[in-house]
Amino acid sequence: MKKIFHSFGWKHCMVLPLALLLNIAANASSHREAPLIANDPLADNTDVYAFRSPDDTSTVTLIANYIPFQLPEGGPNYYSFSPNVRYEIHVKNNASTTGDDITYRFTFFQVNEDSTTFFNIRLGKQNLKTTYKLEKSINGGAFTTVIASGTVPPPNIGPRSIENATVGLGTTYDALMNAAISTTAAGEKVYCGPADDPFFVDLAGAFDVGNFRPEGNTTNPTKDGLARFNVHSIAIKVPIKLLQKDGKTVDQATSILDGSFVIGVWASASRQQIKTLSAAGTGSYSGNWVQVSRLGMPLTNEAVIPIGSKDKWNTVKANTATEGDFIPYFKNPELALYMDDSQFGGAVPSMNGLRIQSKSLGAFDFRNGKKGLYGLKGSPAVKGTALDDAIFGTILLPDSTSPRAVDLLPIFYTGVPNLIPYQLATGKAGGSPLAVGKPFINNFLPTLGDMLRLNMAVPITPRNSKDFSSLGIIQAAVLGLTDARYTASGTAMQFIPNMDGFPNGRRLEDDVTTIELQAVSGVALAAIGLWYDDYVPGTTPSPVTPRLVNVLSFSAGVTHNDTTFKSSFPYVQAPWRGYDYTAQTRF
């Protein structure tokens, strides 16, 4: 359920049950992605990130962004966190428990320091000055306050408001951001406030039925639909020992893929069910808290869940039984229809390079509604592998018409285990995908829930390394399959650059749009030895065929953010300044 209403004229005090608003109808990882939340921007959760901190690898940084498409010049009432929304970041670290294992809850407050002016900042005083209280719950227990009064920086209005010592605050915006970083007694660092929107995507192309414009197209160049827009970020830098289920530090991990260091992260926003408006123009809230927005994996509600289920998706808590209602959309995703020439592939020319395997190794068809690997179910070939019914076969091979339950469902709903067949084809005996291969991912936390899963034991790829890539785990797979530094050791476990990238967590730099489109096109299947149709075992000299090259060469157009990222916490860049950038300078 969602609540969208604010701009009505009321002659009498009126109480509106939230349920009466369900019929009010309505794009970015999760910006305005569902009809109801599109009309409630202060509660709209846009993106979630989770990564080992590049400058302090004993910690993990969690970021949840809210309030999409903020014009930097959007005064006089600039966007801010709402005092009437409950913002939460949820962490799961134990698949055997129910509910959250850790929850961070943020409550915001606002005051006007000078109500005699229409300016947001004047003579050193701020209006709509925002602070917050942070509470924390562990293992479903009571919430305790860990920061009683944190500071939220003001909007980055312009030089007179921020830097001028007479009429403004007499400081710099970087100084305001640094001053707003608080530290809990347990050692978590926290930043809440405005920031550049770090997500990047060709929005116009994406929603014009996948009409992506590749980089270098001078006739109709690609455009970052989020360039020079701001969001509000909640960032928490957490010592790994506080997130690991047994309180271990990362140097206690048994390997770089130690499964006990996997966490799942999602964020939410909730509102109370009833808002009461009075003739005086004031309002109050009452009733139970209702979740109105949620986000774990990027683009799930945006591009996987169909429009008729998007509002319901936002109300469902991660890892609950109702999550099962959405599983069919991952087993046979709509996007796959546009990568299949027997369906609508020819209708979307920009995705011509993306084609799903229909006869991988001459036998396996992963197009929607086909068998995929189901023909192997119960056979001796899968015994002892993840596809064995005694292990996870009931989830991964559920029936003969759910081909993508074997790859897309784990990526989004369980994480990917370091088990056969989910290892790189490097070193696999006889070229069999069911042989032991080279490990490259283990973010397995089998809760059947949409979360961003991160194995905190995986080392980082330095941002200044020549191997660093915004293609995350896809690039790690490419290196692991083709680079002699990694192929020479066969099936031995070793760190491959970008194993710390999406979908093993999500770094700010990761190009999740391209990665997810490549994944829908079957690139993960190819990485484990289920090659594209133009590879014929025993005939084709190399599995690196034109079809594989086409998929790996595909780009969603915009491949990087429109500005840099900070080298230290909170890593998100300062918000764009309203005085410097207007709507006209965006295009």
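What percentage of the 587 residues of the protein chain count as buried? The share is 56%, where buried means under 20% relative accessible area, exposed over 50% and partly exposed in between, with a 1.4 Å probe and protein chains only. The model is predicted, so local features need pLDDT of at least 70 and side-chain atom pairs count only at pLDDT 80 or more, while totals for chains, interfaces and linings use all residues. Residues are numbered from 1 along each chain as its sequence is written, and side-chain values use heavy atoms, with hydrogens and water left out.

The overall dimensions come next. A compact globule of 587 residues would have a radius of gyration near 25 Å, and the 24 Å of the protein chain agrees with this; the radius is taken over C-alpha atoms, and the globule rule is 2.2 Å times the number of residues to the power 0.38. Along the principal axes, the C-alpha atoms fill a box of roughly 80 × 50 × 50 Å. The accessible surface of the protein chain is about 22,600 Å², with 55% of it belonging to carbon and sulfur atoms (Shrake-Rupley method, 1.4 Å probe).

The protein chain contains 14 helices and 15 strands; these are DSSP runs numbered from the N terminus, helices being H or I of at least four residues and strands E of at least two. Two strands pair if DSSP finds at least two bridges between them.

Strand β2 runs antiparallel to β3 (residues 59-70), and seven bridges join the two. Within this pairing, D47 has N65 in β3 as its bridge partner.

Strand β4 (residues 85-92) has a different setting to consider. Eight of its eight residues are buried, so β4 is largely enclosed by the rest of the structure. In a regular strand the side chains alternate between the two faces of the sheet. In β4, V85, Y87, I89 and V91 point one way, whereas R86, E88, H90 and K92 point the other way, and all are buried.

Two pairings of β4 can be followed in turn. With β13 (residues 262-277), β4 pairs in the antiparallel sense over eight bridges, and V91 stands opposite V265 in β13. With β5 (residues 102-111), the pairing of β4 is also antiparallel, over five bridges; here Y87 stands opposite F106 in β5.
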